[in-house]
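Please look at the sequence and the model before reading on.

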Amino acid sequence: MKKRALLFLLTLCITVLTACGGKGANTPDASNAEKPTGETTKITVAIPDPQNSYIAAAAEEFKKRAEEYSNGSLSISIAPNGSLYGGDTAAGIKQLSAGSLDMLILATSVYSNFEPGFNVISVPYMFDDQKQLLSFLNSNIADGLFSRLENMNIKSVGRWTRSFRQITNSKRPITCAKDLEGLVLRVPNNSLYVEFFSSLGTVTTPMNFSEVYNALQLQTLDGQENPVDVPLSNNFYEVQKYISFTNHMADAWVVGINLDFYNKLTKEQQDAIAKAGDEVQQWNVDMMAERDGNALKQLEEKGMKSNVLTSEAAQELVDASKKLFPKFKELIKDDKLFEETIQFTGRNE
């Protein structure tokens, strides 16, 4: 009787454990189970400029396409004005690297403080035009350069061009190199900009972008340099009189995502993000071409005066840049990359 009672109790315990979901040898661990159908992953994309900026428009297009291609499994929001990193772009990159930001879209010129190779994109007068810049961003040279971000725990899921940079100021139109002498000009915190403009007699003042408007308003700065949409979207026309189309530097956007975060996404979500990032590259080029002219028109309507450099004046600045190539090569800290790039663009001639 005792043996039968013991056997009965043992059978009862096994039955209860099974009914309560106890794991047996072949029961899968719930932590490794796939996400339930219909569950969405939320992603916040931080951008440095206001909601009416070019990059905000491109980010919204990226959001729309990535959500669509993920079959609704991604829910993306855009955080403008550098609000998630206090307007400090270096802090933003560090936060992205650490994972406290999901995604961040910032200029390659800012990333050069962490990876000097990105300086090669913004060497003054390195690129002839948008077409050549776009071709470079899609080249094997750029593949190697952008892959270096993974050493910072960041993956690039998009390489988008920016409009070339122009100079605005409150003193005078820039018609030749001599007009830059003595001008107090805000530049990004990047040695490449400082070297180039200082060589032309400009008083360069590196400064976080979030501080620029107040400095222009207080006239501690005479001017700044950025693509044409920036003075419009940031109301610089209120404190600047002239915009000169110097086309002095190219720049690009890194569409970055924290690598650990990216690796936790499903394959479908990763593919959706990559496809959207690739497609928005050309969409962004077309959008900029359409809106640059409209931006200039609005700036002029708001009182700014514009001018374009003559070919002779532009060549003077090209020659000034080429004289600094040995210094720029030092800043890039990668002789092979520099030589490959000037060969690609024809600046080695």
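## The sheet and its helices

Five strands, in the order 2-1-3-10-4, make up an open sheet with mixed pairing. Its edge strands are strand 2 (74–79) and strand 4 (154–161), each of which pairs on one side only. Direction ignored, neighbouring strands of this sheet are turned by 20 degrees against each other on average. Strands (E, at least two residues) and helices (H or I, at least four) are DSSP runs, numbered from the N terminus; two strands pair if DSSP finds at least two bridges between them.

The model is predicted: local features need pLDDT of at least 70, side-chain atom pairs count only at pLDDT 80 or more, and totals for chains, interfaces and linings use all residues. Residues are numbered from 1 along each chain as its sequence is written, and side-chain values use heavy atoms, with hydrogens and water left out.

Strand 1 (residues 41–46) and strand 3 (residues 103–107) run parallel and are joined by two bridges. Val 45 is opposite Met 103 in strand 3.

Helix 11 (residues 267–301) packs on the sheet and touches strand 1, strand 2, strand 4 and strand 10 (252–258). Contact means heavy atoms within 4.5 Å.

The axes of helix 2 (residues 54–69) and helix 11 come within 8 Å. Axes are lines fitted to C-alpha atoms, for helices over the stretch in contact, and angles run from 0 to 180 degrees between N-to-C directions.

| Pair | Angle |
|---|---|
| Helix 11 and strand 4 | about 20 degrees |
| Helix 2 and helix 11 | roughly 150 degrees |

Helix 2 is therefore roughly antiparallel to helix 11 (angles over 145 degrees count as such).

Terms used
Parallel < 35°, antiparallel > 145°, perpendicular 65-115°, else oblique.
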